[in-house]
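User: I would like a close look at a single part of this model. Please take the pocket and its surroundings.

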Amino acid sequence: MAILEVKDLKKNFGKTQVLKGVSFTVEEGEVLSIIGSSGSGKTTILRCVNQLETPDSGYISVDGQVFFNGKAEKESDEERRRRQLLVGLVFQDFHLFPQYNVLKNVTLAPELLAEEREDYKHNKKQIHEEIEAKAKEILAKVGLSDKLENYPCELSGGQKQRVSIARALMLEPKVLFFDEPTSALDPELTGEILKVIKGLAEDKTTMVIVTHEMSFAKAVSTKVIFMDDGVIAEAGTPEEVFDNPKSERTRAFISKFDD
């Protein structure tokens, strides 16, 4: 069973059709890159799966749990939050809390969740120690062991984005989504982030990446989707999409990035 399943997803904003029936699946450990021109619907897919937008119709499931099935239904805040923990989203512009240092930015969400545990009052100290140890391990993985006490204003753009990635990883999502994770960075800092994501791919982290970095998408992905005007114009392996595209629109798009 696919860990992420999207069927016939449609979304309008006013009279504008942004998604016109998008279907795809992602298996555990796969990396799907979604490419395409601005306005083709790439980010809207991510926002619908992450429950930041409500589709007009279609079907979305993550790890066997239905996120959306044809229409918006009333649900409790608890149900919605439980599902949201299955997915993680790394934004273009970091969304860090400026008042907290790096370590606190990464531990805040799991600490708040821990307060709901039945054993929290009795094991508070141990629980917080375990959360902090896990945070330090993940921050080391993204190369930020020396920045635990720094605040966001003291970090480069690349470092801020690595904190965002660490924060998402802390909640152990079934699928980690990236929305143009390097768009706000200069080329040198872009390399930092792509290296981290490549490392996650090697660890078989299931990811969906909206990106304009074609060479990176080709190197790191197991699947690639090319979006064009709200539909999937082409899908396949990186070799199929980049080296032997069947669609004229795909060829025209990729040719813009050729050296």
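Which helices and strands each supply at least two residues of the lining of the largest pocket?

Analyst: This is a predicted model, in which local features need pLDDT of at least 70 and side-chain atom pairs count only at pLDDT 80 or more, while totals for chains, interfaces and linings use all residues. Residues are numbered from 1 along each chain as its sequence is written, and side-chain values use heavy atoms, with hydrogens and water left out.

At least two lining residues each come from α2 (77-84), β6 (87-90), α3 (102-114) and α5 (157-170). Helices (H or I, at least four residues) and strands (E, at least two) are DSSP runs, numbered from the N terminus. The largest share, five residues, is that of α3.

The pocket holds about 730 Å³ of space. A pocket here is an open set of points on a 1 Å grid over the protein atoms alone, where a 1.4 Å probe fits, with protein on both sides within 12 Å along at least five of seven lines; lining residues have an atom within 4 Å of a point. The volume is the space filled by probe spheres set on the points, which are joined across faces, edges and corners. There are 23 lining residues, and Q84, V87, L89, F91 and L171 lie nearest the centre. By type, 15 are nonpolar, six polar and two charged; Ala, Val, Leu, Ile, Met, Phe, Trp, Tyr, Cys and Pro count as nonpolar, Asp, Glu, Lys and Arg as charged, and the others, Gly among them, as polar.

Not counting residues up to four places away in sequence, N50 touches Q84, V87, G88, L89 and F177, where contact means heavy atoms within 4.5 Å. N50 counts as buried at 6% relative accessibility; the classes are buried under 20% relative accessible area, exposed over 50% and partly exposed in between (1.4 Å probe, protein chains only). A polar atom of the N50 side chain lies 2.9 Å from the backbone oxygen of L46.

α3 and α5 also give two or more residues each to the largest nonpolar core, which has 38 residues. Such a core is a set of buried Ala, Val, Leu, Ile, Met, Phe, Trp, Tyr and Cys residues joined through side-chain atoms within 4.5 Å. I165 is among the members that touch the most others. Beyond its neighbours within four places in sequence, I165 contacts V90, F178, I193, V196 and L200. V87 belongs to a second, separate core of 27 residues.

How values were computed: A polar contact is a pair of N or O atoms within 3.5 Å; within protein, one must be able to donate a hydrogen and the other to accept it, and residues adjacent in sequence count only if both atoms are side-chain atoms.
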